[in-house]
Amino acid sequence: MRELRGSRKVVGPVQGGGAGASQAWIGGERALSGPGALRVNMRWDLVARPAGATRPPQFDVDLGALYELADGTSGAVQYLGGLRGAFDRSPFIAHDQDDRAGSAAGENLFVNLDRGTQLRRALVFVYAHNGPLANGRIMVEFHPPGGSRPLMVVLEHIPPEAHSCAVALLVRHEGQWNLRHEVRYVAGYQSEIDRAYGFRLRWARQDKSGL
């Protein structure tokens, strides 16, 4: 895997949904307490471009997850290919909508943390269409259950070759959910992230309709 290095700007509190202002998350691992759902929200907008510069044609950023169940089954949850998942049944991760305009609502993943005996791990990632990730300013916000403050990751100073980023890894260990900061950029797409984390999926090229 070709892993690229970028920087993660430290930001102050950012207003978000859930339990008040978000706190910047720039590294490390967080234990998640309490049953319920982990909501992951991704929002993006275009980076300001110099006067006269060409706007990226139909640029878009998508949110997704790779998962592994306790029985060894693995898969992906994402808008592309209609892999929307499900919250109350396998794979216990659901994707809500496709946001092509960079709206304030963004896209969300909902992870059912009550299914710890069935869901082993999940990797949250983002990837770009019709251009590199650096064309967008991308914010990924993690809303833990139990009233904890949301954690905000802002992807900035992205390597120009990067098209995808593994943002965070959720792992079940000794009865406890742990969320680990990753932010690993790759030049390729989901298949390259898969190879780095060993989900062992088979991938085929597919274009997003309407772009």
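Leucine 155 has its place in strand β12, where helices (H or I, at least four residues) and strands (E, at least two) are DSSP runs numbered from the N terminus. The model is a predicted one, in which local features need pLDDT of at least 70 and side-chain atom pairs count only at pLDDT 80 or more, while totals for chains, interfaces and linings use all residues. Residues are numbered from 1 along each chain as its sequence is written, and side-chain values use heavy atoms, with hydrogens and water left out.

With a relative accessible area of 1%, leucine 155 is buried; buried means under 20% relative accessible area, exposed means over 50%, and partly exposed lies in between, for a 1.4 Å probe and protein chains only. Leaving aside residues up to four places away in sequence, leucine 155 touches Val126, Ile138, Cys165, Val183 and Tyr185, a contact being heavy atoms within 4.5 Å. Leucine 155 and valine 140 are 15 residues apart in sequence, and their C-alpha atoms are 8.1 Å apart in space.

Strand β12 (residues 151-155) pairs with β2 in the parallel sense over two bridges, and two strands are said to pair if DSSP finds at least two bridges between them.

Seven of its eight residues are buried, so β11 is largely enclosed by the rest of the structure. Glutamate 141 lies in this strand and is buried, with a relative accessible area of 1%. The C-alpha atoms of glutamate 141 and valine 154 are separated by 8.5 Å, although the two residues are 13 residues apart along the chain. Eight bridges join β11 to β4, and these strands run antiparallel; within β11, valine 140 is the bridge partner of methionine 42.

These pairings belong to an open sheet of seven strands in the order β2-β12-β11-β4-β9-β8-β7, with mixed pairing. At its edges stand β2 and β7 (85-86), each with a single partner strand, so one side of each is left without a neighbour in the sheet.

We turn next to the aromatic rings. A pair of aromatic rings is described by the distance of the centres and the angle of the planes. Rings of Phe, Tyr and Trp (its six-membered ring) pair if their centres lie within 6.5 Å, and planes under 30 degrees apart count as stacked, over 60 as edge-to-face and the rest as tilted. By this rule the count comes to three aromatic pairs. In one of them, the rings of tryptophan 25 and phenylalanine 142 have centres 5.7 Å apart and planes at 85°, so the pair is edge-to-face. This pair links distant parts of the chain, since tryptophan 25 is in the loop between β2 (23-24) and β3 (29-32) and phenylalanine 142 is in strand β11 (residues 136-143), 117 residues apart. Both tryptophan 25 and phenylalanine 142 are buried.

Another pair is formed by tryptophan 44 and phenylalanine 59, whose ring centres are 5.6 Å apart and whose planes stand at 85°, so this pair is edge-to-face. Tryptophan 44 lies in strand β4 (residues 37-46) and phenylalanine 59 in the loop between β4 and β5 (60-69), so the pair ties together parts that are 15 residues apart in sequence. Tryptophan 44 counts as buried at 4% relative accessibility, and phenylalanine 59 is buried with a relative accessible area of 6%.

The last stop is the helix. The chain has one helix and 14 strands. The buried residues of helix α1 (residues 190-197) are Gln190, Glu192, Ile193, Asp194 and Tyr197, and what covers them includes β5, β10 (119-129), β13 (164-173) and β14 (176-186). Just after α1, glycine 198 takes a positive phi of about 70°.

Finally, the confidence of the model: the mean pLDDT of the chain is 85, and 83% of its residues reach 70 or more, pLDDT being the predictor's confidence in each residue, from 0 to 100.
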